[in-house]
Amino acid sequence: MPRRALGIHVLALLLAPAIARAEPPAPAIAPVPLPVPKGPDPAALAAREAHLETQTRAMTVLTSWAVASIATGAALWATGGDAYTRSIGIQNVAWGAVDGVIAGFGYHGLAKQRGLDKPLSSWQAEDRRMRTIFLVNAGLDVLYVTAGALMVGFGKNDWVRGAGAGVALQGSFLFAFDTAMGLGAR
């Protein structure tokens with residue numbers, strides 16, 4: 001027997017009593033795979049609900065402003081004795097109607113999003129898109145306020161100056177609204 005084989009046999013003989021007393025190894029337990037969750041990602045659901053809540057709040061504010069603008073504008077238009085006051089009233093009615101239409105489309109879009117099951121990244125992208133839209137609108141609102149102020153300052157008659165005051169008023173509200181939504185939304 002070669003030396004190496006003899007050394008292995010001697011080692012086996014020396015270890016045999018310890019091996020005989022040893023307990024057999026426990027059978028290996030295969031890991032049980034965890035069930036794959038069914039249904040949407042909870043983080044995506046939370047993002048969707050937060051997005052919808054923010055947008056619903058925005059449309060509620062815009063709708064309220066639209067109703068108030070139309071109501072006060074109609075009253076000024078109907079009862080205002082001078083051209084300046086009637087012109088402000090007409091601007092309030094017109095801008096209120098446009099705000100109401102925008103809010104209506106906003107509510108319609110929200111209704112379509114309520115049941116959507118999109119990944120979290122899609123809701124985050126939608127939030128970024130909405131913030132961008134609000135901030136771009138805030139920039140346009142500055143132009144409305146500026147145009148209104150120029151009409152008030154340089155208008156040739158009360159009708160033009162009243163229209164300018166109405167435009168500046170509506171633009172001021174929209175600037176505050178769009179800036180708050182663009183910077184503070186979520």
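Predicted model: local features only at pLDDT ≥ 70, side-chain atom pairs only at ≥ 80, totals over all residues.
Trainee: What share of the chain is buried?

Mentor: Of the 186 residues in the chain, 27% are buried.

Trainee: How many helices and how many strands does the chain have?

Mentor: Helices (H or I, at least four residues) and strands (E, at least two) are DSSP runs numbered from the N terminus. Here there are five helices and zero strands, giving the pattern α-α-α-α-α along the sequence.

Trainee: How many salt bridges does a search of the whole structure find?

Mentor: The search finds four, a salt bridge being a side-chain nitrogen of Lys or Arg within 4 Å of a carboxyl oxygen of Asp or Glu. One of them joins Arg48 to Glu49, with 3.1 Å between the closest N and O atoms. Arg48 counts as buried because its relative accessibility is 13%, whereas Glu49, at 40%, counts as partly exposed.

Trainee: Which residue forms a salt bridge with Arg129, and how far apart are the closest N and O atoms?

Mentor: The partner of Arg129 is Glu126, and the closest N and O atoms are 2.8 Å apart. These two residues are three positions apart in helix H4, so about one helical turn separates them. Glu126 is buried because its relative accessible area is 12%, while Arg129, at 43%, is partly exposed.

Trainee: What separates Arg161 and Asp158 in helix H5?

Mentor: About one helical turn separates them, because Arg161 and Asp158 are three residues apart in helix H5. They form a salt bridge in which the closest N and O atoms are 2.8 Å apart. Arg161 is partly exposed, with a relative accessible area of 24%, and Asp158 counts as partly exposed at 36%.

Trainee: How much space lies in the largest pocket?

Mentor: Rolling a probe the size of a water molecule over the atoms shows where empty space is left. A pocket is an open set of points on a 1 Å grid over the protein atoms alone where a 1.4 Å probe fits, with protein on both sides within 12 Å along at least five of seven lines; lining residues have an atom within 4 Å of a point. Volume is the space filled by probe spheres set on the points, which are joined across faces, edges and corners. The largest pocket holds about 510 Å³. Its lining has 24 residues, and Met59, Ile102, Met130, Ile133 and Phe134 are the closest to its centre.

Trainee: Which helices each supply at least two residues of that lining?

Mentor: They are H2 (42–79), H3 (83–113), H4 (120–154) and H5 (158–184). Helix H4 gives the most, with nine residues.

Notes
Residues numbered from 1 in each chain as written. Heavy atoms only, no water. Buried < 20%, exposed > 50% of the residue type's maximum accessible area, 1.4 Å probe, protein only.
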